[in-house]
Amino acid sequence: MKTPVWVVREVQPREDYTLLLTFADGAQKIYNARPLLEKEIYSQLRSPTFFLGAKAECGTVVWNDDVDIAPEHLYECSQPA
């Protein structure tokens with residue numbers, strides 16, 4: 001079975017609350033996470049240290065067991081790098 005294009009292979013969190021993402025299809029895109037900071041469910045991301053701890057795991061971006069972002073959303077809402 002072919003891997004979906006939206007699977008996150010690598011993530012580089014940046015101090016400006018953006019994520020440089022590399023997807024399964026090789027595309028590199030930038031996701032602006034700043035709008036998430038206003039949502040209570042993502043309140044932990046307001047800490048720069050916490051935000052910069054993002055990692056690619058299980059095909060998406062995760063910070064811990066409670067905070068992640070759907071990979072389909074990341075792919076659709078990111079801009080080409």
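Does C77 count as buried, partly exposed or exposed, and what is its relative accessibility? Select C77: at 38% relative accessibility, this residue counts as partly exposed. Here buried means under 20% relative accessible area, exposed means over 50%, and partly exposed lies in between, with a 1.4 Å probe and protein chains only.

The model is predicted: local features need pLDDT of at least 70, side-chain atom pairs count only at pLDDT 80 or more, and totals for chains, interfaces and linings use all residues. Residues are numbered from 1 along each chain as its sequence is written, and side-chain values use heavy atoms, with hydrogens and water left out.

**First stop: the sheet**

Colour the strands next. Strands (E, at least two residues) and helices (H or I, at least four) are DSSP runs numbered from the N terminus, and two strands pair if DSSP finds at least two bridges between them. Strands of a sheet pair through backbone hydrogen bonds, either parallel or antiparallel. In this model, 4 strands in the order β1-β2-β3-β7 form an open sheet with antiparallel pairing. Its edge strands, β1 (8–13) and β7 (79–80), each pair on one side only.

**Second stop: the hairpins**

Select β1 and β2, which are joined by 5 antiparallel bridges; Q12 has L20 in β2 as its bridge partner. The two strands form a hairpin with 4 residues between them, and Y17 in the turn has a positive phi of about 65 degrees.

Move on to β2 and β3, which also pair antiparallel over 5 bridges. T22 stands opposite Q28 in β3. This hairpin too has 4 residues between its strands, and G26 in the turn shows a positive phi of about 90 degrees.

Show the side chains of β3 (residues 28–32), which 2 bridges join to β7 in the antiparallel sense. The partner of I30 in β7 is Q79. K29 and Y31 lie on the covered face of β3, whereas Q28, I30 and N32 lie on the uncovered one.

**Fourth stop: the core**

A nonpolar core is a set of buried Ala, Val, Leu, Ile, Met, Phe, Trp, Tyr and Cys residues joined through side-chain atoms within 4.5 Å. The largest one has 20 residues, and those with the most contacts inside it include L19, Y31, V61 and W63. β2 (18–23) supplies the largest share, 3 residues.

Centre on V61. Contact means heavy atoms within 4.5 Å; leaving aside residues up to four places away in sequence, V61 touches residues including V8, L21, A54 and L74.
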